[in-house]
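Please read it beside the sequence and the model.

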Amino acid sequence: MDFWDGPWIGGYQVTGANEPDGGWRWVTRERFRYNNWHSTTPDDLFGGFAQQNRLHYWDQGTVKKFKDLDPKWDDVREGTDWIPAFVVEYDPKPAEFGWLKWPSR
């Protein structure tokens with residue numbers, strides 16, 4: 001069995017929320033109107049030792065054929081250093097930099 005660890009997607013669990021699935025929000029402080037949890041998560045696997053209070057994409061299965069993966073949401077502990085990437089949402093459009101120009105719509 002292989003595991004695929006996808007990007008952070010900007011969700012977190014507020015301090016003191018009911019475990020394991022209470023109080024989840026986006027970093028913009030918006031509550032979820034949709035969720036895509038993996039069938040076994042959130043699970044707060046480590047409990048009080050190291051609460052899993054951050055959100056990323058994850059899947060398990062055979063990674064040999066990437067197209068066969070169907071990643072869902074998973075909870076991981078804050079400070080996890082093996083997450084390979086992150087997703088950024090800008091609203092409103094950020095200022096332009098000399099070396100970076102946003103495409104016109």
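**Note on the predicted model**

1. Lining of the largest pocket. The residues that line the largest pocket comprise seven nonpolar, two polar and three charged. In this classification Ala, Val, Leu, Ile, Met, Phe, Trp, Tyr, Cys and Pro are nonpolar, Asp, Glu, Lys and Arg are charged, and the others, Gly among them, are polar. The volume of this largest pocket is about 250 Å³. Its lining has 12 residues, and those closest to the centre are Ile 9, Gly 10, Val 27, Val 87 and Glu 89. Strand 1 (residues 2-13) provides the largest share of this lining, three residues. A pocket is an open set of points on a 1 Å grid over the protein atoms alone, where a 1.4 Å probe fits, with protein on both sides within 12 Å along at least five of seven lines; lining residues have an atom within 4 Å of a point. Grid points are joined across faces, edges and corners, and the volume is the space filled by probe spheres set on the points.

2. Basis of the values. This is a predicted model, in which local features need pLDDT of at least 70 and side-chain atom pairs count only at pLDDT 80 or more, while totals for chains, interfaces and linings use all residues. Residues are numbered from 1 along each chain as its sequence is written, and side-chain values use heavy atoms, with hydrogens and water left out.

3. Overall architecture. The protein contains four strands and zero helices, in the order β-β-β-β along the sequence. These elements are DSSP runs numbered from the N terminus (helices: H or I, at least four residues; strands: E, at least two). Of the 105 residues, 30% are buried, where buried means under 20% relative accessible area, exposed over 50%, and partly exposed in between (1.4 Å probe, protein chains only). Among contacts (heavy atoms within 4.5 Å) between residues at least 6 apart in sequence, 57% join residues at least 24 apart.

4. The surroundings of Gln 52. Gln 52 belongs to strand 3 (residues 52-61) and counts as buried because its relative accessibility is 6%. Leaving aside residues up to four places away in sequence, Gln 52 touches several residues, including Gln 13, Trp 24, Phe 46 and Arg 77. Two polar contacts of its side chain deserve attention. A polar atom of the Gln 52 side chain lies 2.6 Å from the backbone nitrogen of Leu 45, and the side chain also reaches the backbone oxygen of Asp 75 at 3.2 Å. A polar contact is a pair of N or O atoms within 3.5 Å; within protein, one must be able to donate a hydrogen and the other to accept it, and residues adjacent in sequence count only if both atoms are side-chain atoms.

5. The second largest pocket. Which residues lie nearest the centre of the second largest pocket? They are Leu 45, Gln 52, Asp 74, Asp 75 and Val 76, from a lining of 15 residues. The space in this pocket is about 200 Å³. Strand 4 (72-77) and strand 3 each supply at least two lining residues, and strand 4 gives the most, with four. By class the lining has five nonpolar, five polar and five charged residues.

6. Thr 80. Thr 80 lies in the segment after strand 4 and is buried, since its relative accessible area is 8%. A polar atom of its side chain is 2.6 Å from the backbone oxygen of Arg 77. Thr 80 and Gln 52 are 28 residues apart in sequence, with their C-alpha atoms 9.5 Å apart in space.

7. Backbone geometry to inspect. Most residues other than glycine have a negative phi, and most peptide bonds are trans. Cis peptide bonds join Glu 19 to Pro 20, with omega about 0 degrees, and Thr 41 to Pro 42, again with omega about 0 degrees. Pro 20 is in the loop between strand 1 and strand 2 (24-26), and Pro 42 in the loop between strand 2 and strand 3.

8. Positive phi values. Arg 29 has a positive phi near 75 degrees and Asp 44 one of about 45 degrees. Arg 29 is exposed, at 64% relative accessible area, whereas Asp 44 is buried, at 9% relative accessibility.
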